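Me: I've got a model open and I'd like to learn how to read its features one by one. Can you walk me through it?

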Amino acid sequence: MQRQDDIQRHLRARTGDVAPYVLIPGDPGRAERIAATFAQATLVARNREYTLFTGVTGAGTPISVCSTGIGGPSASIAVEELTRIGATHFIRVGSAGGRQPAMPIGSVVVVTAAFRGDGTSLDYMPLGYPAAADIDVTLALRQAARTELGSPAYEGVVYTRDAFYRRDDGLNARLTEARVVAAEQECSTVFVVGSLLGVKVGAVLGTDSNIYLDPQPSREEKEALYQQVERQTITIATGAVDLLHAGRRR
């Protein structure tokens, strides 16, 4: 039986190594870019797809960032192990493909829920169980996004899927008609896992593509637009953490 202070098998971290608030990008490189925005940051561990830093925001809020890799299996491990060692609030800071025809690349999306097209969440609960973002985290992200952007971000349901290179045009059309705003690969998993573990999980995404755009921008144009929106999502997520922390202290 694992003790609370044991080092976690995959993250290589233990109780005391992480803050209550953890940003969870998929990309280890994005984790490093996020940590670079902290007022101070210490590398806790680097193992497999998991790169973990802990520090404080510019406002003095304790914060960590841990990459999760691509997809549900590795993301579920991250949330499970981070929760065991003290994390209570999670914000996914990720990329996504736009799924509304008029949605520009480089758009910010505050996620309210996810269509469960992944396989990992099914190992936790059957499909009747919703993949919903935590309301407190979502409202903090909404407020932080308005402050950063000067206008509301896109908000709504996203489509979480496993097979990146498999495209179901019929399903895509139905989801677009249902006003699903974007497609990505982790939200459904982390929302379900977080709900079952009793922790608060939300997500803010930046779009790096849109299958409906015609003509399609060049790869270089897409990458430039995503670099800008990634910076915005990082600022929004960090601002939401400060708002959540301030709310807990009142």
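**Reading the strands, rings and helices**

Reply: Helices (H or I, at least four residues) and strands (E, at least two) are DSSP runs, numbered from the N terminus. Before we go on, this is a predicted model, where local features need pLDDT of at least 70, side-chain atom pairs count only at pLDDT 80 or more, and totals for chains, interfaces and linings use all residues. Residues are numbered from 1 along each chain as its sequence is written, and side-chain values use heavy atoms, with hydrogens and water left out.

Me: How many bridges join strand 6 to strand 8, and in which sense do they run?

Reply: Two strands pair if DSSP finds at least two bridges between them. Here 8 bridges join strand 6 to strand 8, and the two run parallel. Strand 6 also pairs with strand 10 (residues 200-210), this time antiparallel and over 3 bridges, with Val108 opposite Gly206. Then there's strand 7 (residues 131-132), antiparallel to strand 6 over 2 bridges; Ala114 stands opposite Ala131 there.

Me: What about aromatic pairs, how many does the structure hold?

Reply: A pair of aromatic rings is described by the distance of the centres and the angle of the planes. Rings of Phe, Tyr and Trp (its six-membered ring) pair if their centres lie within 6.5 Å; planes under 30 degrees apart are stacked, over 60 edge-to-face and the rest tilted. The structure holds 2 such pairs. Phe115 and Tyr159 are edge-to-face because their planes sit at 75°, with ring centres 5.7 Å apart. That pair links distant parts of the chain, 44 residues apart: Phe115 belongs to strand 6 (residues 108-117) and Tyr159 to strand 8 (residues 154-161). Phe115 is partly exposed at 35%, whereas Tyr159 is buried at 11%. Phe164 and Tyr165 form an edge-to-face pair too, 4.9 Å centre to centre with 85° between the planes. Phe164 is partly exposed at 47%, and Tyr165 is exposed at 77%.

Me: At what angle do helix 2 and helix 5 pack?

Reply: Axes are lines fitted to C-alpha atoms, for helices over the stretch in contact, and angles run from 0 to 180 degrees between N-to-C directions. Helix 2 (residues 72-84) and helix 5 (residues 187-197) pack at about 30°, with axes 9 Å apart. That makes helix 2 roughly parallel to helix 5 (under 35 degrees is roughly parallel, over 145 roughly antiparallel, 65 to 115 roughly perpendicular, the rest oblique). Among the residues making the contact are Ala75 and Val79 of helix 2, and Val190 and Val193 of helix 5.

Notes. Buried means under 20% relative accessible area, exposed over 50%, partly exposed in between (1.4 Å probe, protein chains only). Contact means heavy atoms within 4.5 Å.
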